[in-house]
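Here's a quick briefing to read alongside the sequence and the 3D view. Have both open and follow along.

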Amino acid sequence: MDRICPECETKAYLSSMDMTPELLEEMAAQEPLTEDSVSQEIYRQRLEICQKCSRLIGGMTCAECGCFVQFRARHKTAACAIGRWK
């Protein structure tokens, strides 16, 4: 059963979106690195934690906060909504 994204105004199911985890990964990789960006190693560790989480929807959206994890995991100031990583 698909879960609804908590931040989606239309409450559309993620399975009907054209976005894929691979596309989001590619988009996040193109985001300019700044002093707020974590290292590639920390980024991969965070994504591994997210991929194992039961609150992950469709391999890309956090059911707790509605973020695309591929973007949130890149930032030093970001943290997991349920405290699994900082």
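What follows is a short tour, from the overall fold down to single residues.

Keep in mind that this is a predicted model. The protein chain has three helices and two strands, and they come in the order α-α-β-β-α as you read along the sequence.

**The chain as a whole**

- The protein chain runs to 86 residues, and 33% of them are buried.
- Take the contacts between residues at least 6 apart in sequence: 61% of those join residues at least 24 apart.

- Helix 2 covers residues 40-52, which makes 13 residues. From its first C-alpha to its last it reaches 19 Å, close to the 18 Å expected at 1.5 Å a residue.
- Which residues of helix 2 are buried? They are Tyr43, Arg46, Leu47 and Cys50.
- These four sit on the same side of helix 2, because they cover an arc of only 100° around the axis.
- Look at the face turned away from that buried side and you'll find the exposed residues Glu41 and Lys52.
- What do the buried residues of helix 2 pack against? Their partners are helix 1 (21-30), strand 1 (56-57) and helix 3 (69-72).

**Gln70, a buried residue in helix 3**

- Gln70 is part of helix 3.
- Is Gln70 buried or exposed? With a relative accessible area of 2%, Gln70 falls under the 20% cut-off, so it counts as buried.
- Leaving aside residues up to four places away in sequence, Gln70 touches Pro21, Leu24, Glu25, Ala28, Tyr43, Leu47, Gly59 and Met60.
- Two names on that contact list, Tyr43 and Leu47, also turn up among the buried residues of helix 2.
- Leu24 and Gln70 are 46 residues apart along the chain, yet their C-alpha atoms are separated by 6.4 Å.

**Aromatic rings**

- How many aromatic pairs does a search of the whole structure find? The count is zero.
- Tyr43 does have a charged residue over its ring, though: Arg74 lies over the face of Tyr43, at 4.0 Å from the ring centre.

Note on methods. Residues numbered from 1 in each chain as written. Predicted model: local features only at pLDDT ≥ 70, side-chain atom pairs only at ≥ 80, totals over all residues. Heavy atoms only, no water. Buried < 20%, exposed > 50% of the residue type's maximum accessible area, 1.4 Å probe, protein only. Contact = heavy atoms within 4.5 Å. Phe/Tyr/Trp six-rings, centres within 6.5 Å; stacked < 30°, edge-to-face > 60°. Lys NZ or Arg CZ within 6 Å of the ring centre and 35° of its normal. Expected span 1.5 Å × (residues − 1). Arc of directions from axis to C-beta.
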